[in-house]
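This report sets out selected local features of one protein model, from backbone geometry to helix packing. Please read it alongside the sequence and structure shown here.

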Amino acid sequence: MPLVAAMLTRSNGARKKATSVVQSSICRDQQRPNHTTITSVISVSQRRHFSSAENGAKPSRSHPSAAEAKQKRESDREFLISVLESSATKRDAKAYLQTYGSSKARAVPKESPAFTALVSDKAIPEAKDVSFFVQGSVPVESLEADEVPRVAIVKLREPQTWDDTLLGGVAKTLTRLRDLGLRSVVVLECSTEKSSVLDWKDVVTQQTDRLQKAIQKYGTPGAELVDGGIWKRSTTPPSASSLGHTKLSVGFGQAFTAPLRHGHILVVPSRAVVEETLEHTAADANEVIFALAKYFAGLQVNAGQNQTRTAVVDRVIIIDPFGGIPARNLGDGARVFINLEEQFNSIKATLSAAEPQDNGSPIPGISGNPKASHIENLELVKNILAILPSTASAVITSPIEAANLQSNPAYDIRRDAEEAMAGEVKTRRWQNPIIHNLLTDRPIYSASLPIGRIKSTTNGTYQRSSRMPTTTLAKKGLPVTIFPDTRTRSWKPPKPGTPRLKLTDTCVDLPRLIHLINDSFDRKLDAEHYLNRVQDSLAGIIIAGEYEGGAILTWERPFGLDEETAYNSGRLVPYLDKFAVLKKCQGAGGVADIVFNAMVRDCFPNGVCWRSRKDNPVNKWYFERSRGVRKLPGSNWAMFWTTPEAAVKDQVMEDYEDVCRGVVPSWADSKAAD
């Protein structure tokens with residue numbers, strides 16, 4: 001299974017080197033028009049050789065046309081360079097390999113003349129000699145007998161309204177997912193509201209055929225139609241899960257598992273076989289998807305016995321012309337990330353309260369309306385993720401985003417999607433949000449990134465940028481606990497002498513909090529010193545999940561002011577004293593974003609400041625989320641703040657600087673303070 005070079009290093013030099021190798025390989029291929037050889041980035045620990053027969057693939061022509069060969073080379077080059085330009089980090093690479101790495105390796109000799117190293121020893125010492133380029137076609141893997149496939153369940157909504165360019169782009173993305181180790185089970189939802197039964201059958205047959213042909217253009221094994229695997233009973237079949245009761249179930253599991261194991265992309269129309277009559281009938285696409293998720297997860301009960309897990313569902317992907325779940329503060333954009341555990345009810349309430357679309361869909365040819373579609377998609381991903389492992393996630397995006405295409409820049413992607421579907425599309429250089437998510441387990445834009453980092457502002461008015469996020473990443477997520485609870489009262493400086501929260505209160509699990517800090521900073525906290533320091537200044541704490549992440553915030557006094565004077569003059573400074581995420585949760589799962597968003601939106605919406613060492617590698621992340629940064633002369637500190645217009649208020653900046661210079665560190669070692 002191919003390993004992407006970008007996931008091994010972020011070095012610009014490595015990217016240029018890899019790109020150069022790709023280009024030189026293509027040039028060599030152009031000198032040999034009668035042979036098709038592609039440049040593939042693969043892993044020593046992952047390459048396995050299988051014949052076309054073993055893959056279940058159809059034999060390919062030995063001499064493709066020059067046009068086909070050129071298109072293939074350009075397609076492979078585009079894919080490799082897009083991956084090389086992704087923002088995957090060393091941590092992402094490790095996580096990707098742990099998830100999609102092969103359990104049985106066959107090493108390719110280092111002496112191979114096609115060997116070109118991409119990873120420097122300094123970048124990732126443990127990955128030395130792992131990745132290299134190999135000339136020649138790399139067949140899709142079949143799985144060993146004891147392996148289960150990792151799959152994405154994909155829903156295509158209204159594909160009959162997509163033109164061939166758009167459908168082809170989506171098919172290309174699905175094959176790229178397979179190249180990266182994620183095999184797709186695609187469920188088609190074709191509207192039948194105004195169609196007869198005969199029309200519905202024709203539409204479904206036509207669209208499944210279109211998708212199969214589109215996928216087949218990108219190599220073998222291609223797509224396989226599974227038309228009799230979903231059964232419908234007159235009564236709801238038993239299930240090991242109490243969620244999402246449905247009369248649908250998987251009646252013939254081998255129809256799904258066998259082709260998946262050989263690398264096929266499965267195409268599943270939204271219809272089912274009636275168990276009593278053995279006739280096909282229309283089925284709700286969402287129920288088909290849920291039945292598949294239960295079956296793969298081993299939650300379907302057959303003959304009174306639970307079955308074993310037959311696949312690992314890593315992703316649920318919904319490709320809807322209406323795009324991701326809308327965000328009020330992004331105008332035409334979508335919510336970048338949804339923590340379902342914490343945000344589902346509030347987002348659903350917001351969507352339900354939105355003005356209805358009296359005239360139906362704003363996109364000609366698309367049935368339904370955005371409000372109903374968004375609520376339906378939100379409920380679907382919540383129900384499915386509830387029965388999947390916590391590492392699973394859902395991506396909701398538009399066909400244009402999934403195909404990595406953009407509409408005419410003079411128009412809005414979402415409002416004028418019908419223009420794109422009519423053919424007004426062109427190749428773009430933006431990252432594919434689905435591919436990016438597979439490589440990094442993150443959205444393209446961080447959920448805690450301020451809107452100003454996505455949309456520029458002029459005179460207080462948001463101006464349309466060249467690209468707004470129309471993709472939403474949803475995870476089961478983590479509950480967020482805030483003390484004091486901001487739902488009952490907002491955080492305000494306490495009046496001197498009044499009771500306040502302490503870290504030793506019973507609501508705080510102090511040992512786990514200290515462990516979180518020690519693990520995150522990789523050094524030991526002087527707990528006694530720290531408790532004494534914050535006992536009279538604590539504003540509150542934020543806890544994500546079971547202490548996977550958290551923040552400790554205080555009200556600090558500028559130098560020379562007593563508590564009474566600072567309170568009466570309104571000069572108590574909101575300060576982020578500790579921001580911590582367990583190492584195992586860093587870089588994935590959105591824990592840092594969840595904590596940061598809770599701080600700036602719920603706890604200190606009017607602004608907060610903090611400090612960080614000038615050489616702290618996290619400073620780039622801080623900088624992107626702050627309103628400003630200032631290096632403090634004569635120290636190793638950089639000061640950040642989120643307070644609007646703080647920089648133009650001399651007194652505020654002086655107070656912030658006093659606090660950031662004056663806070664005494666509380667570490668048990670003698671190293672420089674963090």
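## Positive phi values

Asn-404 has a relative accessibility of 12% and therefore counts as buried (buried means under 20% relative accessible area, exposed over 50% and partly exposed in between, with a 1.4 Å probe and protein chains only). The model is predicted: local features need pLDDT of at least 70, side-chain atom pairs count only at pLDDT 80 or more, and totals for chains, interfaces and linings use all residues. Residues are numbered from 1 along each chain as its sequence is written, and side-chain values use heavy atoms, with hydrogens and water left out.

Asn-404 lies in the loop between α11 (399-402) and β16 (405-407); helices (H or I, at least four residues) and strands (E, at least two) are DSSP runs, numbered from the N terminus. Its phi is near 60°, a positive value in a residue other than glycine. Leu-278, in the loop between β9 (271-274) and β10 (280-282), also has phi near 60°. Leu-278 counts as exposed, because its relative accessibility is 63%.

## Cis peptide bonds

Thr-220 and Pro-221 are joined by a cis peptide bond with omega of about -10°. Pro-221 belongs to the loop between α6 (197-216) and β5 (223-225).

A cis peptide bond also leads from Phe-483 to Pro-484, with omega near -10°. The loop that holds Pro-484 runs between β21 (480-483) and α14 (510-521).

## Helix α10

Helix α10 (residues 370-385) comprises 16 residues and spans 22 Å from its first C-alpha to its last, close to the 22 Å expected at 1.5 Å a residue (the expected span is 1.5 Å times one less than the number of residues).

Buried residues of α10 include Pro-370, Ser-373, His-374, Asn-377, Leu-378 and Val-381. In an α-helix there are 3.6 residues a turn, so residues three or four places apart point the same way.

## Packing of α7 and α8

The axes of α7 (residues 254-261) and α8 (residues 285-297) come within 11 Å and cross at roughly 70°. The two helices α7 and α8 are therefore roughly perpendicular (an angle of 65 to 115 degrees).

Gln-254, Phe-256, Thr-257 and Leu-260 of α7 make the contact with Leu-292, Tyr-295 and Phe-296 of α8, where contact means heavy atoms within 4.5 Å.

Conventions. Axes are lines fitted to C-alpha atoms, for helices over the stretch in contact, and angles run from 0 to 180 degrees between N-to-C directions. Angles under 35 degrees count as roughly parallel, over 145 as roughly antiparallel, 65 to 115 as roughly perpendicular and the rest as oblique.
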